[in-house]
Amino acid sequence: MQGLPFASLKLRAETERQNILKDFLLYPITYIRLVGLLCSIIVFGCVADQRTVSCFYNANNNCCNFAIAIGVLAFLLCLVFLMKDVLYNVLDFSDNITMKKLLLVIDIAVNGLWSFMWFVTFIYTADQWRKTSNIQGRLSVSNTNCANSGVAFSFFSILLWIAIVVVNAILLIRVIRSPGHPGKSGYSSFPEPPGTVSSPAQPVGSSDQPYSPPEY
């Protein structure tokens with residue numbers, strides 16, 4: 001376990017753990033995730049609730065299934081990363097900067113990917129909704145409202161997940177520039193071979209032999 005990045009992780013001190021809830025609630029990314037979680041519920045809830053026989057997005061069932069899948073997975077990812085944020089405040093990363101960077105990099109990569117997936121969802125649903133024609137009142141008012149909500153909150157989700165990426169990128173930059181980062185430690189000394197005893201430095205010209213004047 002010594003070589004693993006999480007081997008040196010430990011809980012914070014008792015006095016610090018008492019303020020975990022306060023730190024978690026003051027963590028700005030927490031509110032962004034909660035809003036993103038709410039948007040994902042609205043997207044897959046509206047599409048799944050109002051879809052009866054055929055999808056109201058131009059009768060394209062693939063479009064509705066895609067929006068539902070992205071919304072459900074986004075909901076689960078928000079829950080997972082909210083748990084990660086709790087661990088980020090519970091665990092002490094002062095002795096393990098590598099693990100702290102790893103969590104931030106994973107967070108940035110996943111949220112960056114899902115912001116792109118929300119962009120695809122927005123383009124897909126907006127295009128199919130643009131092509132939809134309400135023939136003989138086939139679409140009810142509820143269908144129309146849910147379709148508009150799915151498109152709108154897909155767009156809002158793009159901004160929210162990009163905001164999460166930006167906040168995590170700022171945190172990663174701060175970790176890299178922190179004094180405890182290995183890149184900030186300066187030159188490293190080479191270890192001495194085992195069994196050697198270091199002796200104190202002596203001034204130039206000094207010797208253990210007594211001084212004797214030269215003979216002419």
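Over which residues does pLDDT stay under 50, with 30 contacts beyond four places in sequence in the model?

**View 1. Confidence and overall architecture of the predicted chain.** This is a predicted model, in which local features need pLDDT of at least 70 and side-chain atom pairs count only at pLDDT 80 or more, while totals for chains, interfaces and linings use all residues. Residues are numbered from 1 along each chain as its sequence is written, and side-chain values use heavy atoms, with hydrogens and water left out. The predictor's confidence in each residue is given as pLDDT, from 0 to 100. Residues 1–14 are the stretch asked about above: pLDDT stays under 50 there, and the model has 30 contacts for them beyond four places in sequence, a contact being heavy atoms within 4.5 Å. Over residues 184–193 pLDDT also stays under 50, and the corresponding number of contacts beyond four places in sequence is 5. The chain has a mean pLDDT of 76, with 62% of its residues at 70 or more. Its secondary structure comprises 6 helices and 2 strands, arranged from the N terminus on as β-α-α-α-α-β-α-α. These elements are DSSP runs numbered from the N terminus: helices are H or I with at least four residues, and strands are E with at least two. Confidence is lowest in strand β1 (residues 10–11), at a mean of 48, and highest in helix α5 (residues 97–130), at 91.

**View 2. The disulfide between cysteine 55 and cysteine 64.** By the rule that a disulfide is a pair of cysteine sulfur atoms within 2.5 Å, the count comes to 1 disulfide. Cysteine 55 and cysteine 64 form this link, with an S to S distance of 1.8 Å. The disulfide is right-handed because the torsion about its S-S bond is about 70°. Cysteine 55 is buried, at a relative accessible area of 0%, and cysteine 64 is likewise buried at 0%; buried means under 20% relative accessible area, exposed over 50%, and partly exposed in between (1.4 Å probe, protein chains only).

View 3. Cysteine 39 takes part in no disulfide, and the nearest cysteine sulfur, that of cysteine 78, lies 9.1 Å away. A relative accessible area of 5% makes cysteine 39 buried. Cysteine 146 is also in no disulfide; the nearest cysteine sulfur belongs to cysteine 46, at 4.4 Å. With 11% relative accessibility, cysteine 146 counts as buried.

**View 4. Threonine 121 and its neighbours.** Threonine 121 is found in helix α5. Its relative accessible area is 1%, so threonine 121 is buried. Not counting residues up to four places away in sequence, threonine 121 touches Phe66, Ala67, Ile70 and Ser154. In the chain, residues 24 or more positions apart account for 79% of the contacts with a separation of 6 or more.

View 5. Val72, Leu73, Leu76 and Leu79 make a nonpolar surface patch of about 290 Å². Patches are made of residues with over 30% relative accessible area and no salt bridge, with like charges joined within 9 Å and nonpolar side chains (Val, Leu, Ile, Met, Phe, Trp, Tyr) within 5 Å; a salt bridge is a side-chain nitrogen of Lys or Arg within 4 Å of a carboxyl oxygen of Asp or Glu. Leucine 76 lies in helix α4 (residues 61–90) and, at 43% relative accessibility, counts as partly exposed. The chain exposes about 13900 Å², of which carbon and sulfur atoms supply 66%.

Methods: Areas by Shrake-Rupley, 256 points an atom, 1.4 Å probe, with all protein chains shown as cover.
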